[in-house]
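Subject: Structure for you to look at

Hello,

Here is the structure we talked about handing over. Please open it and read the notes below alongside it.

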Amino acid sequence: MQIRLAVISNAGGTGKTTLSVHLAYELGLRGLKVAIMDLDPQGSLTLFCGLNPAEREHTLSAIMRESFNGSWPLTPSWSPHTNNITVCQGGMTLTQTADELVLHKRGAYLLGDCLSDYPMDHDLIIFDCPATLGPLPLMALTACTHIIVPVQLEPKSIQGAAHLLEWYYHHCKQLRLKPQPEILGFVPNQYDTKRAVHRQLLESLPAQLEQMNIRVFPPIRDSAEFVNASGQGLPLHLYRPLHPALGDFKEIVKQLATLMGNGVEPAVAKKGKKKK
């Protein structure tokens, strides 16, 4: 089963790209073929993946043209270490694309249309969305099968996430999405155990979302090493392979792998067991 996962948040700094990158790499280690699509005009994914900025025809903007023929502009990422991950880059060119989507007769459905007309053979496609609820995230909503919501453990971010849920339910109904994409869960990000507000919100969040049958995954800790790794264009797996924060992604990865019918542990973990 191919999973199309939209990483959506209507606030900046919630760790959308960090989550996208590390889920992609972790699942790539399991032998799954992953594509990350950058829907963010800021183009953070290009930096995080150690790539050079791309011209318009080599970005996601290329598929929005009437002349698109199914030649997906995918670039291998971290190729010395894996052959399983490719990136469809974004950048400022997507600002113009967002304006064009508003005028397009099927703007909200355009990405989903392209994926239907020209299927990709990847096990997982991740849509790394911008920190808005505009035309680009709406396009991801209609194209995805699942949604995951990274959220900071701050009152303002929690409030923003509530607005995102209102947006989600409204547009699923308005656009008649059947089946509507499933909310995989919320991911508390940049968690600092020393901050009382973080501990309080982490404790209260599951009860708030339980009524809507939405899962809260274990938090991803706050660590400067995520920033350091992204500055080198690497996932933490390659920058600090033994860093304890890598374990924070375990439950999300397990859930996604189960959905795709893959219970294989990463090759690195297997080798470690054999040495023992």
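A residue is called buried when its relative accessible area is under 20%, exposed when over 50%, and partly exposed in between, using a 1.4 Å probe and protein chains only. This is a predicted model, where local features need pLDDT of at least 70, side-chain atom pairs count only at pLDDT 80 or more, and totals for chains, interfaces and linings use all residues. Numbering runs from 1 along each chain as its sequence is written, and side-chain values use heavy atoms, with hydrogens and water left out.

Backbone first. Most residues other than glycine have a negative phi, and most peptide bonds are trans.

Trp78 is not a glycine, yet its phi is positive, at about 55°. Trp78 sits in the loop between strand 3 (75–76) and strand 4 (85–88). Helices (H or I, at least four residues) and strands (E, at least two) are DSSP runs, numbered from the N terminus. Trp78 counts as buried because its relative accessibility is 6%.

Asn213 also has a positive phi without being a glycine, here about 60°. Look for Asn213 in the loop between helix 7 (196–210) and helix 8 (224–231). With 72% relative accessibility, Asn213 counts as exposed.

The peptide bond between Lys178 and Pro179 is cis, with omega about -5°. Pro179 belongs to the loop between helix 6 (155–174) and strand 7 (182–189).

Now two buried helix residues. Contact here means heavy atoms within 4.5 Å.

Thr46 is in helix 2 (residues 44–48). Thr46 is buried, at 9% relative accessibility. Setting aside neighbours within four places in sequence, Thr46 contacts Asp38, Leu51, Asn52, Pro53 and Gln89. Gln89 is 43 residues away along the chain, but the two C-alpha atoms are separated by 6.4 Å. The side chains of Thr46 and Gln89 also make a polar contact, at 3.0 Å. A polar contact is a pair of N or O atoms within 3.5 Å; within protein, one must be able to donate a hydrogen and the other to accept it, and residues adjacent in sequence count only if both atoms are side-chain atoms.

His198 lies in helix 7. What is its relative accessible area? The value is 4%, so His198 is buried. Not counting residues up to four places away in sequence, His198 touches Leu153, Glu154, Gln190, Tyr191 and Asp192. Its C-alpha atom is 9.4 Å from that of Pro155, 43 residues apart along the chain.

Best wishes
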